[in-house]
Amino acid sequence: MQLPNIEDYIVDVMDWPKKGIVFKDITPLLENPAIFHFTVDQLTAPYLTQGITKVLSMEARGFMFASAICYKLHAGFVPARKPGKLPRPVISAEYILEYGTDNIEIHECAITSDDVVLIVDDVLATGGTANAAAKLVKDSGATIAGYAFVMELDFLKGRENLDPDIPLHVLLHVSGD
Ligand code: AMP
């Protein structure tokens, strides 16, 4: 049986949300039941027997994949959100943007030192968001089982900014051509 090519279900949107950016629109993938199912299975495959207790994901597109992975792994879901969105006390991690910095936050009680955490997002670009997510997990005293990304924008070399000791699982590599 030929495996589906998930790249066929990701649409490049030029100059969005601003000039010079090629936005990777994953909504066609989400809309296709078989491809979405396949993608979630592939993202989860290396982590089925690692005792993962929590899946942390960054808003907003990572949430769709992460919650489906939680269901497969019988794990809890931890949303990492932009500042000011979560209603109870938070811990925060900063990351660098093209101009300036930003933060992501989780509830301070969301992850404990007993947890084994998988970090999930749709796109690995510069790695800033993924690094901040790992910092939140480390600050909580938990173990990081790994990262799972639908795609990596190889030309941005984001993986070079990540902790090399954290396993990195990527389904699709995108070159800058
Ligand atoms: P970064 O922190 O630079 O690795 O950026 C990763 C985050 O930004 C992820 O949450 C992605 O959803 C989003 N992102 C970055 N670049 C793109 C892109 N070209 N298309 C879609 N989403 C992107």
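Around the ligand stand 13 residues, of which the closest are Asp 121, Asp 122, Thr 126, Gly 127 and Thr 129, where a residue is counted as near if one of its heavy atoms lies within 4 Å. This is a predicted model, in which local features need pLDDT of at least 70 and side-chain atom pairs count only at pLDDT 80 or more, while totals for chains, interfaces and linings use all residues. Residues are numbered from 1 along each chain as its sequence is written, and side-chain values use heavy atoms, with hydrogens and water left out.

**Ligand contacts**
- An oxygen atom of the ligand is 2.6 Å from an N or O atom in the side chain of Thr 126, and a polar side-chain atom of Asp 122 lies 2.7 Å from a ligand oxygen atom.
- The backbone also takes part, with a polar atom of Gly 128 at 3.5 Å from an oxygen atom of the ligand.
- The ligand taken alone exposes 480 Å², and the protein buries 82% of that (areas by the Shrake-Rupley method with a 1.4 Å probe; for residues, only the protein chains shown count as cover).

**Shell around the ligand**
- Strand S2 (22-25), strand S7 (116-124) and helix H4 (128-139) each supply at least two residues of the shell; helices (H or I, at least four residues) and strands (E, at least two) are DSSP runs, numbered from the N terminus.

**Overall fold**
- The chain has four helices and nine strands, arranged along the sequence as β-β-α-α-β-α-β-β-β-β-α-β-β.
- The C-alpha atoms of the chain fill a box of roughly 40 × 40 × 30 Å, taken along the principal axes.

Technical notes. Polar contact = N/O pair within 3.5 Å; in protein donor to acceptor, adjacent residues only side chain to side chain.
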